[in-house]
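I wrote down each term when I needed it.

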Amino acid sequence: MDEPEFEAFYRATADRLRTYLVRVCGDRRLAEDLAQEAYYRFLRSGFSRADGEENARYLFKIGGNLLNDHWTEVKKITAMPAEEPIAGAATNRLDVHAALGALKPTERQMLWLAYAEGYSHNEIAGALGVRPASVRVLLFRAKTRLLRLLQGDLK
Amino acid sequence: MTEDDLAVLFAESRRKEDWPQTPELPAQIWRRARTAELLDEEIRRRERRQRPVIFGRRAAAIAALLGGEALLLEALATLQDQTLGSVGLTPTTAALLALVALPAVILTVSMRREVVPYT
């Protein structure tokens, strides 16, 4: 991948990656730092496919691994702070954000990859390093918990 | 809530997230990665250049060790009749001791050389 190709790839994926990371870790500054590191490692890996989505999936995998490394390093998984509702701007984004904050990090990752990124079970398994058969069960549990939280939110 | 509803909810959540745009950032990341790549290439090139020297040094060390051992054995052979019998050493024991002595001395000297600068 040469420099112009990388810039185009960056422009196409940067916001997606940062949003994924911030939805999982709840810290915008950390998400930005990890996104930069993910792009750097992506370049250093030499991974480059003609299919842009395949490159994006690999990038997301690196981002997820960096998050895991970060959590291992700080020896704790920080709870995602719930966003303060803005008066007159109660949106689904806030509901989803707050509900995700109450889930486990792996559940957040799975749900985000499945519903925001449209990943298949196999692709989620590849990104998170779990067995495809486990994804179906874990995703179902995560979705059930999320729906319960969202419905509780709406009451 | 259906799967489609969830997908819409997540898509909306993603769409509404605002991030600061820093146009120079991809170029900076590219340069950082390229610099690291060039550095790695240079290190690998140096290692490749040094490989024959390292190999030559090891070969010379082995040759020197074998030569030293041969000398020791030869010296032992001349001493054998006069001295060894008087100190109660069999020729085999004396030969084994001689073979072990030289590497032991070399190891001790090289370890001292490594340790002394830090003491």
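Before looking at any pair, I noted that axes are lines fitted to C-alpha atoms, for helices over the stretch in contact, and that angles run from 0 to 180 degrees between N-to-C directions. Helices (H or I, at least four residues) and strands (E, at least two) are DSSP runs, numbered from the N terminus.

The model is predicted, with local features needing pLDDT of at least 70 and side-chain atom pairs counting only at pLDDT 80 or more, while totals for chains, interfaces and linings use all residues. Residues are numbered from 1 along each chain as its sequence is written, and chains are lettered from A and ligands numbered from 1 in the order in which they are written.

**Entry: H5(A) and H1(B).** I looked up helix H5 (residues 105-116) of chain A against H1(B): their axes come within 8 Å and cross at roughly 100 degrees. H5(A) is therefore roughly perpendicular to H1(B). For angles, under 35 degrees counts as roughly parallel, over 145 as roughly antiparallel, 65 to 115 as roughly perpendicular and the rest as oblique. I found A:Trp112, A:Tyr115 and A:Ala116 on the H5(A) side, meeting residues of H1(B) that include B:Leu6, B:Phe10 and B:Arg14. Contact here requires C-beta atoms, placed from the backbone, within 7 Å.

**Entry: the contact of chains A and B.** I noted 18 residues from chain B and 21 residues from chain A in this contact. On the chain B side, helix H1 (3-15) and helix H2 (25-87) each give two or more residues. H1(B) gives the most, with eight residues.

Entry: H2(A) has 18 residues and reaches 25 Å from its first C-alpha to its last, close to the 26 Å expected at 1.5 Å a residue; the expected span is 1.5 Å times one less than the number of residues. Its buried residues include A:Leu34, A:Ala35, A:Ala38 and A:Phe42. A residue is buried if 20 or more other C-beta atoms lie within 10 Å of its own, exposed if 12 or fewer, and partly exposed in between. A:Gly46 follows H2(A) and has a positive phi, near 75 degrees.

**Entry: H2(A) and H3(A).** Helix H2 (residues 28-45) and helix H3 (residues 52-74) of chain A pack at about 125 degrees, with axes 9 Å apart. That angle makes H2(A) oblique to H3(A). Among the residues in contact, I listed A:Leu34, A:Ala38 and A:Phe42 of H2(A) and A:Ile62, A:Leu66 and A:His70 of H3(A).

Methods. Two residues are in contact if their C-beta atoms, placed from the backbone, lie within 7 Å.
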